[in-house]
Amino acid sequence: MVKFRGNLNKQDLNQLDQAQIVENKPIYHGISTQAAEKKKEKTKKSFSVHKFLLAFTLLLLLCGVGLGVYGGKFSMGTVAVDELTALHVVMNINSTPQEILTNASTIEELLNEQRILLDETDYLGQELDQPLYDGMVVWLRLSVPISILVDGETFSLESQPITVRDALEKVGVELGPNDTVSMPMLQYIYEATEITVNRIRIETVTVEEPIEQSEVQQERTYLAPGSSTVVSEGRKGARKCVYEVTYENGVEISRKELSSEVIREPESRVVGVGPSTTAVQAAVDAEGNPVLHTAETEDGASFYYKEQYEIETTAYTWTGNTTYTGTWPKRGTIAVDPSVIPLGTKVYVVGYGFATAEDTGGAIKGNIIDLYMDTEQECINWGRRDVVIYILAD
């Protein structure tokens with residue numbers, strides 16, 4: 001707009017009609033009005049793009065922080081506290097006091113501020129809506145997880161600090177008189193804990209244990225020089241032992257001997273060996289004729305004997321009694337008629353083996369012998385048969 005001073009005349013008005021008046025448009029020096037308009041439009045567009053980019057960047061930043069907090073990657077930190085108006089409060093959590101500076105007005109606000117979420121197993125010593133005051137002590141007991149291992153199972157519970165004994169009672173575990181626990185029964189549990197119960201069983205066990213037998217060699221003149229054979233197998237002895245055996249969770253962990261008693265003495269295994277050639281040659285009668293004869297039987301035995309004949313045989317087994325000569329019967333024991341074969345005579349029975357006349361019997365009369373067998377079935381298998389018997393040299 002053109003501003004004038006003084007009075008306007010008609011000529012001036014005519015000049016004003018011919019003027020080109022532009023309102024509300026800035027005048028740029030050195031450039032045309034159209035160029036100025038274009039430059040202004042470009043500036044507006046550039047400013048809008050910058051604003052969009054800035055807003056988009058801020059949005060991405062906020063989204064990233066939000067996702068980090070949600071995923072636990074970032075911590076939002078603590079609430080800012082105005083120290084001029086803050087209260088000094090002590091939070092006693094599971095008997096551990098912590099001094100806190102807070103602007104919270106109630107206990108509930110304080111818990112929210114400290115990000116403490118209570119459940120039914122937790123204990124708060126005051127009401128949630130109780131106002132805070134400077135120097136106040138807030139009592140809080142948080143529940144702790146407890147695991148109890150017993151009888152191959154695991155029992156779990158969440159509880160206030162309690163003793164080991166109370167924890168066992170809560171899951172219904174009863175202890176035997178000898179059971180052990182990995183922790184003292186009256187110890188309080190203030191943190192995540194695993195308790196192990198070991199079942200201990202003590203038993204008195206009676207067992208029969210063998211006593212090993214020895215082996216001896218004895219010269220037998222009826223054996224061929226340099227040969228040997230088992231004259232008597234003998235037998236192992238036995239003792240009765242009483243033990244106190246301790247088991248932990250079904251596995252034996254110790255054994256203590258309470259008593260031991262020999263119930264059967266061992267009998268040595270006797271191995272007969274043949275005499276030297278000189279000794280055999282010396283076995284002659286008064287006329288110089290040898291009194292020993294060499295035998296080689298079909299069952300592989302080789303020995304010297306004084307005489308031989310055929311005899312009837314039967315078989316018997318364990319009766320629970322000793323023999324007539326006081327020994328325990330065993331394989332190699334035979335019952336004889338002492339008037340035919342003297343007790344103590346060494347013989348070889350074909351099909352049975354070497355034996356000693358140690359027993360008698362009411363049915364053993366005359367030219368018959370009874371052979372001892374280990375089992376009743378062996379007696380049945382043997383039956384009654386005639387065999388050749390050799391009377392061995394002394």
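The chain contains 6 helices and 21 strands, where helices (H or I, at least four residues) and strands (E, at least two) are DSSP runs numbered from the N terminus. This is a predicted model, in which local features need pLDDT of at least 70 and side-chain atom pairs count only at pLDDT 80 or more, while totals for chains, interfaces and linings use all residues. Residues are numbered from 1 along each chain as its sequence is written, and side-chain values use heavy atoms, with hydrogens and water left out.

Of the 394 residues in the chain, 30% are buried, a term that means under 20% relative accessible area, with a 1.4 Å probe and protein chains only. Among contacts (heavy atoms within 4.5 Å) with a separation of 6 or more, 60% join residues 24 or more positions apart.

Thr193 counts as buried because its relative accessible area is 16%. Leaving aside residues up to four places away in sequence, Thr193 touches Pro145, Ile146, Ser147 and Met183.

The surface may be considered next. The chain exposes about 26200 Å², of which carbon and sulfur atoms supply 51%; accessible areas come from the Shrake-Rupley method with a 1.4 Å probe, and for residues only the protein chains shown count as cover. Leu60, a residue of helix H2 (residues 33-70), belongs to a nonpolar surface patch together with Phe52, Leu53, Phe56 and Leu59. The accessible area of these residues together is about 520 Å².

Note on methods: Patch = residues over 30% accessible without salt bridge, like charges linked within 9 Å, V, L, I, M, F, W, Y side chains within 5 Å. Salt bridge = Lys/Arg side-chain N within 4 Å of Asp/Glu carboxyl O. Buried < 20%, exposed > 50% of the residue type's maximum accessible area, 1.4 Å probe, protein only.
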